[in-house]
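Colleague: I have a few questions about this model. Can we go through them one at a time?

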Amino acid sequence: MIGNDIVDLQLAAKEINWKRPRLQSKIFSENEQEFLQLSENPEQLFWLFWTMKEAAYKAHQRRFLLPRKFNPKSFRCKLHLSESAESSGIVQVENCHYSTAAKFSENAIHCVASVENSPVKQQIFSASKNLKDELTCALAAHYKLSPEALKIEKNLHFIPQLIIGGKQSNLPFSISHHGNYSAYVFAVN
């Protein structure tokens, strides 16, 4: 299973005061809060942890067909590598682990979470796009299908599902958008 999240850092700075201790205590474990306090760039780490948790939540929800209920504190982040342009880590929820890979730009953070490190195709857009159309075109091109045969619909748990020729597909993919940025990711077999 796969999930992704993207944060427009300029919009996030206007919308959320990430420095509030009460907010941090609702979202992050004590260990994660300690990392924030010790970080040279706590704002970037705040949003990195957030995107890791959100991407893992989407993968976890899709994996187990769970109804929408995100408790970010129950998703525990561990970083393996964190550099100025990218980061990798693990998110644990219950007995499940999700590998994460994040990329940073000046204005956005994008994170992909997956059960196993299988190959993926991902695309980030910095302008307003019809993400579903972009994804279905990319899927059609990759799998040599007719774009007209593909449709994305949400299931009963509001999880986007790929419909191919009127039949539900189990192809893992994820879409995300925030502010001026959007992204998709799908598994390539």
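Colleague: To start, is C96 buried or exposed?

Modeller: C96 is buried, with a relative accessible area of 12%. Buried means under 20% relative accessible area, exposed over 50%, and partly exposed in between, with a 1.4 Å probe and protein chains only. Keep in mind that this is a predicted model, where local features need pLDDT of at least 70, side-chain atom pairs count only at pLDDT 80 or more, and totals for chains, interfaces and linings use all residues. Residues are numbered from 1 along each chain as its sequence is written, and side-chain values use heavy atoms, with hydrogens and water left out.

Colleague: How many disulfides does the structure hold?

Modeller: The count is 0. A disulfide is a pair of cysteine sulfur atoms within 2.5 Å.

Colleague: New topic. Which residues have the most contacts inside the largest nonpolar core?

Modeller: They are F46, W47, M52 and Y98, in a core of 29 residues. A nonpolar core is a set of buried Ala, Val, Leu, Ile, Met, Phe, Trp, Tyr and Cys residues joined through side-chain atoms within 4.5 Å.

Colleague: Which element gives the most to this core?

Modeller: Helix 4 does, with 10 residues. Helices (H or I, at least four residues) and strands (E, at least two) are DSSP runs, numbered from the N terminus.

Colleague: What is W47 in contact with, leaving aside neighbours within four places in sequence?

Modeller: V7, L9, A12, I16 and I109. Contact means heavy atoms within 4.5 Å. There is also a second, separate core of 15 residues, which includes A140, L150, L171 and I175.

Colleague: Back to helix 4. How many residues has it, and what span does it reach?

Modeller: Helix 4 has 23 residues and reaches 33 Å from first C-alpha to last, close to the expected 33 Å. The expected span is 1.5 Å times one less than the number of residues. Just after helix 4, L65 takes a positive phi of about 50°.

Colleague: Last one. Where is Q24 found?

Modeller: Q24 is in helix 2, and at 10% relative accessibility it counts as buried. A polar atom of the Q24 side chain lies 2.8 Å from the backbone oxygen of W18.

Notes: A polar contact is a pair of N or O atoms within 3.5 Å; within protein, one must be able to donate a hydrogen and the other to accept it, and residues adjacent in sequence count only if both atoms are side-chain atoms.
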